Amino acid sequence: EKEFTLIMIKPDGVRSGDSGKILARIEQEGFKIRAMKRVRLSLEQAQQFYSVHAARPFYGELCSFMASGPVVAAILERDNAVQHWRDVIGATDPAEAAPNTIRKLYAKSKGENAVHGSDSVENAKIEAAFFFSGLELAGQ
Ligand code: CMP
């Protein structure tokens, strides 16, 4: 069944020039890019996006990293989109990520790990609304 997920290419992935390869992989995996933008988050916006992690010890580091440069945010459509994207990106820590996953190929560390993916359909809706207006999604 058709499903949506919200993904980001994080600042390290954009900075290292891997956006194009990651976008090509997205299409190879059968996702349709339904919306996409390149934006630099303010620290306050990064804190809002990651507010569920506010109590974690790495929250400050995570938010300052996510505000350190532009990200590419996109809404992807596919059967089983949330889980399939999580399979394609691999484990949070690239040292633990399976061969040929995006994080194994492009991530540097647990913090600078190249890409984000929503962890549920419910969170995908919340995260999509963070980046995209109803107008940008209309008529697709
Ligand atoms: P993601 O799953 O996209 O969202 C939460 C992020 O927190 C996660 O990616 C990692 O990038 C980051 N994260 C998790 N663990 C650590 C850690 N120990 N140190 C720094 N960042 C982390």
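## Contacts, and a word on the model

Two residues count as being in contact here if their C-beta atoms, placed from the backbone, lie within 7 Å. Keep in mind that this is a predicted model. The chain has an average pLDDT of 96, and 98% of the residues score at least 70. For the complex, the predictor gives an ipTM of 0.90 and a pTM of 0.95.

## Around G117

Let's start with G117, which sits in strand 4 (residues 115–117). Skipping its neighbours within four places in sequence, G117 touches T5, I7, W85, R86 and I89. Take I89: it is 28 residues away from G117 along the sequence, yet in space the two are 8.1 Å apart, C-alpha to C-alpha.

Is G117 buried or exposed? G117 is buried, because 22 other C-beta atoms lie within 10 Å, and the cut-off for buried is 20 or more.

## W85 and the core

Now look at W85, again leaving out neighbours within four places: its contacts are T5, I7, L76 and G117. W85 also belongs to the largest nonpolar core, a group of 31 residues. L6, I7, L76, W85, I102 and V115 have the most contacts inside that core.

## Around the ligand

Which residues are around the ligand? They are H53, F58, E61, L62, T92, K110, G111, N113 and H116. Sorted by class, this shell has 5 polar, 2 nonpolar and 2 charged residues.

Notes
Residues are numbered from 1 along each chain as its sequence is written. This is a predicted model: local features need pLDDT of at least 70, side-chain atom pairs count only at pLDDT 80 or more; totals for chains, interfaces and linings use all residues. A nonpolar core is a set of buried Ala, Val, Leu, Ile, Met, Phe, Trp, Tyr and Cys residues joined through C-beta atoms within 7 Å. A residue is buried if 20 or more other C-beta atoms lie within 10 Å of its own, exposed if 12 or fewer, and partly exposed in between; C-beta atoms are placed from the backbone. Helices (H or I, at least four residues) and strands (E, at least two) are DSSP runs, numbered from the N terminus. A residue is near a molecule or strand if its C-beta atom, placed from the backbone, lies within 6 Å of it. Ala, Val, Leu, Ile, Met, Phe, Trp, Tyr, Cys and Pro count as nonpolar, Asp, Glu, Lys and Arg as charged, and the others, Gly among them, as polar. pLDDT is the predictor's confidence in each residue, from 0 to 100.
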